[in-house]
Amino acid sequence: MQPVNVRGLRIGEGMPKICIPLTSARTSQLCLDAEMAAQQADMLEWRLDCFDEGGIDAVCAAADQLRQRVRCPLLVTFRTAKEGGERSISPAEYAGLYSALLLRQAADLIDIELTQEEEIVRTLIEQAHAAGAKVIISSHDFDQTPALEEMCSRLQRMEALGGDIAKLAVMPNDELDVLRLMEASLRAHRQMQIPLITMSMGSLGMLSRIGGELIHSAVTFASVGKRSAPGQPDAAEASAALAMLHEAR
């Protein structure tokens, strides 16, 4: 497996990297949050579905301000409602929003949902790579933990589509679900050539988030203040736990 290099950050090598989501609705607060989060994060995730200042022009203007404020790698994500995000968007709007940001090189990475139309996924991957950005292809299940074979199949599909990193987040209903997600991550790592981000959500799944190095999950999403997903740990506590496990290996 080859690490993905983003602004000198090697994702998939060494300790899992800490990514802090930015969920502010307004540009002014977004920039303040970004400056604070950047002090504890390896990378930041801008959740576009939480932003509420208008259309593409407003998003692009906010992106320019973010770039001026922080230098760490920026992942841009529009999480649709069907995947646990804040709002819905049409496929054309989804593609257009990402295309506009890529055109002005406003993102180091973008997150594309596996459930989007295949033509959109492939087109955005091509546009991202042309702009020098990397692509995370993601799948989220907030109701259950799928069968082991299904989880491995989704991750492998992300690689086959041309993603640079494959991400899978699922909801456990018991402890065995958490262990099944962790087994899926290990199996996929042995079969795939790209880095993985895998997690079991909620309080039950905390082990998968802080034990990512054991299951070859390259990134841990952590919070400073408001969480963007259930079970997301505090960034400072996650950093300490990751370091302790890394030193013990």
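This is a predicted model: local features need pLDDT of at least 70, side-chain atom pairs count only at pLDDT 80 or more; totals for chains, interfaces and linings use all residues.
Arg79 has a relative accessible area of 4% and is buried, as is Glu113 at 0%, with buried meaning under 20% relative accessible area, exposed over 50% and partly exposed in between (1.4 Å probe, protein chains only).

## Other salt bridges

The structure holds 13 salt bridges. Among them, Asp64 and Arg104 meet through their side chains at 2.5 Å, N to O. Because Asp64 lies in helix 2 (residues 56–69) and Arg104 in the loop between helix 3 (91–103) and strand 6 (109–113), this pair ties together parts that are 40 residues apart in sequence. Asp64 is partly exposed at 30% relative accessibility, and Arg104 is partly exposed at 42%.

Within helix 5, the side chains of Arg154 and Glu150 form a salt bridge of 2.8 Å, N to O, and, being four residues apart, Arg154 and Glu150 are separated by about one helical turn. Arg154 counts as buried at 17% relative accessibility, whereas Glu150, at 35%, counts as partly exposed. Arg7, Arg67 and Asp108 are linked in a network of salt bridges.

Helix 6 has 17 residues (175–191), which at 1.5 Å a residue should span 24 Å, in agreement with the 25 Å between its end C-alpha atoms; the expected span is 1.5 Å times one less than the number of residues. Its buried residues are Asp177, Val178, Leu181, Met182, Ala184, Ser185 and Ala188. Seen down the helix axis, these fall within an arc of 155 degrees, so they line one face of helix 6, the arc being that of the directions from the axis to the C-beta atoms.

The buried residues of helix 6 pack against helix 5 (148–161), strand 8 (165–170), strand 9 (196–200) and helix 7 (206–210), with contact meaning heavy atoms within 4.5 Å. The face turned away from the buried side carries the exposed residues Glu175, Leu176 and Arg190.

## Basis of the values

Residues are numbered from 1 along each chain as its sequence is written, and side-chain values use heavy atoms, leaving out hydrogens and water. Local features need pLDDT of at least 70 and side-chain atom pairs count only at pLDDT 80 or more, while totals for chains, interfaces and linings use all residues.

Notes: Helices (H or I, at least four residues) and strands (E, at least two) are DSSP runs, numbered from the N terminus. A salt bridge is a side-chain nitrogen of Lys or Arg within 4 Å of a carboxyl oxygen of Asp or Glu.
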